[in-house]
Amino acid sequence: MNNSFSESYKKAGVDVTAGYKSVELMKEHIARTMIKGALSGIGGFGGLFELDLTGISKPVLVSGTDGVGTKIKLAFIMDKHDTVGIDCVAMCVNDIICCGAKPQFFLDYIACGKNYPEKIATIVSGVAEGCVQAQCALIGGETAEHPGLMPEDEYDLAGFSVGVVDKDKILQPDTQKAGDVLIAIKSSGVHSNGFSLVRRVFDVNEQNLSMHFDDLGTTLGECLLTPTRIYVKAVMSLLDAVKVKSISHITGGGFYENIPRSLPKNLAAKIERNAVQVLPIFDLIQRTGDIPERDMFNTFNMGVGMIVSVDKNDADKAVAAIKAAGEDAYVLGELTESEEGVIIC
């Protein structure tokens, strides 16, 4: 690889040696994610992972892929690139765990206008941190330099993850019934959804993002760039503690789009509006943008990152298990016979 260099390709905007330097700089971050089963280092043509199927009689692989979305624009403006990788991992693994699967490994893809090795390594440091939180291995990825396709100082970030679950333990939303309790697991903020609206509301620029808000306890930019919570540890602990019937990851589309995805057609989620512990950032967004409350609940997570359905007799035990795993949780509502999907009252 030391002999690999093309002056002609460099003149066209792609410096392959920068890519090699990026790989060297990111190795220490990737090493943090190595867990049992990770068989290969970076640099090969494929990432190798040996599944530990102990206790799993019918293994089913579950995959998820996603990106960070337009939240990444804030990272450009603030020149802060060590957290968006956490968001990327979170958006993938939080989907995987909704059926009861445990994430095993992750791969990332970074497309950039120009490969600045230190910046790429910083981005990957966030991806690695996300993998550590998700208890999965970062076994590969790709950095692609795209001169002329995007500005030199910009990039896009996407990822892909695979988990495994025993077929007999896949969550069964059809087992839900009226009276089952809905439990909210708190979010850390806006997470990685709705940022096209957020950027319009605040007319996002360097000056606005540096403004301090007492309600937020920090600057607007720091609050908005707060990484998405990764719920793997909490959900795995919850699955061991009680029988979970369904899980909804509250992403783009908010309550009204995501909750029905985990419900039978004859049931609706009846949520007590006063029970929702709305975070201050959402009050600020709604007030500043003069946004109807219905639109807020149909765009943002409103402080609820995940919603779990359990039998009412298991509710207290479920909340306790989530809290013991380091997340905050509370009863949000219950299921009722209706085809409305979501009822906020």
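Predicted model: local features only at pLDDT ≥ 70, side-chain atom pairs only at ≥ 80, totals over all residues.
Student: Where should I start with the sheets?

Tutor: Start with how strands join. Strands of a sheet pair through backbone hydrogen bonds, either parallel or antiparallel. Here, an open sheet of 6 strands runs in the order S8-S10-S5-S11-S9-S12. Its pairing is mixed.

Student: Which strands are the edge strands of that sheet?

Tutor: Strand S8 (244–249) and strand S12 (342–344). Each pairs on one side only. On average, neighbouring strands of this sheet are turned by 30° against each other, direction ignored.

Student: How many bridges join strand S9 to strand S11?

Tutor: There are 5 bridges between S9 (residues 267–271) and S11 (residues 329–337). The two strands run antiparallel.

Student: What about strand S2? In which sense does S2 pair with S3?

Tutor: S2 and S3 pair in the parallel sense, over 8 bridges. Cys112 has Glu145 as its bridge partner in S3. S2 also pairs with S4, in the antiparallel sense, through 10 bridges. There, Leu107 has Phe160 of S4 as its bridge partner.

Student: How many residues of S2 are buried?

Tutor: 8 of its 11 residues are buried, so S2 is largely enclosed by the rest of the structure.

Student: Now helices. Which residues of helix H11 are buried?

Tutor: In H11 (residues 280–289), they are Ile281, Phe282, Leu284 and Ile285.

Student: Why are they on the same side of H11?

Tutor: Look at the arc around the axis. These residues cover only 160° of it, which puts them on the same side of H11.

Student: What do the buried residues of H11 pack against?

Tutor: Four elements take part: helix H6 (195–202), strand S6 (212–213), helix H8 (220–224) and helix H12 (293–297).

Student: What follows H11?

Tutor: Asp290 does, and its phi is positive, near 50°. Most residues other than glycine have a negative phi.

Student: Is Asp79 buried or exposed?

Tutor: Asp79 counts as exposed, because its relative accessibility is 57% and the cut-off is over 50%. Gln135 is partly exposed, with a relative accessible area of 34%.

Student: And single buried residues? How do I read those?

Tutor: Find the element, then the burial, then the contacts. Take Leu238, in helix H9. Leu238 is buried, with a relative accessible area of 1%. Set aside its neighbours within four places in sequence. Leu238 is then in contact with Val244, Val308, Ala318, Ala321 and Ile322.

Student: Where is Asn208?

Tutor: Asn208 is in helix H7 (residues 206–209). Asn208 counts as buried because its relative accessible area is 17%, and buried means under 20%. Not counting residues up to four places away in sequence, Asn208 touches Phe202, Asp203 and Leu220.

Student: Which residues lie nearest the centre of the second largest pocket?

Tutor: Gly100, Val165, Asp166, Lys169 and Leu239. They are part of a lining of 23 residues. The space in this pocket is about 570 Å³.

Student: Which elements each supply at least two residues of that lining?

Tutor: Strand S2 (102–112), strand S4 (155–166) and helix H9 (232–241) each do. S2 and S4 are the antiparallel pair joined by 10 bridges. H9 is the helix that holds Leu238.

Technical notes. Residues numbered from 1 in each chain as written. Heavy atoms only, no water. Buried < 20%, exposed > 50% of the residue type's maximum accessible area, 1.4 Å probe, protein only. Arc of directions from axis to C-beta. Contact = heavy atoms within 4.5 Å. Pairing = 2+ DSSP bridges. Axes fitted to C-alpha atoms, helices over the stretch in contact; angles between N-to-C directions. 1 Å grid on protein atoms, 1.4 Å probe; cavity = no way out; pocket = protein on both sides within 12 Å on 5 of 7 lines; lining within 4 Å. Points joined across faces, edges and corners; volume = space filled by probe spheres on them.
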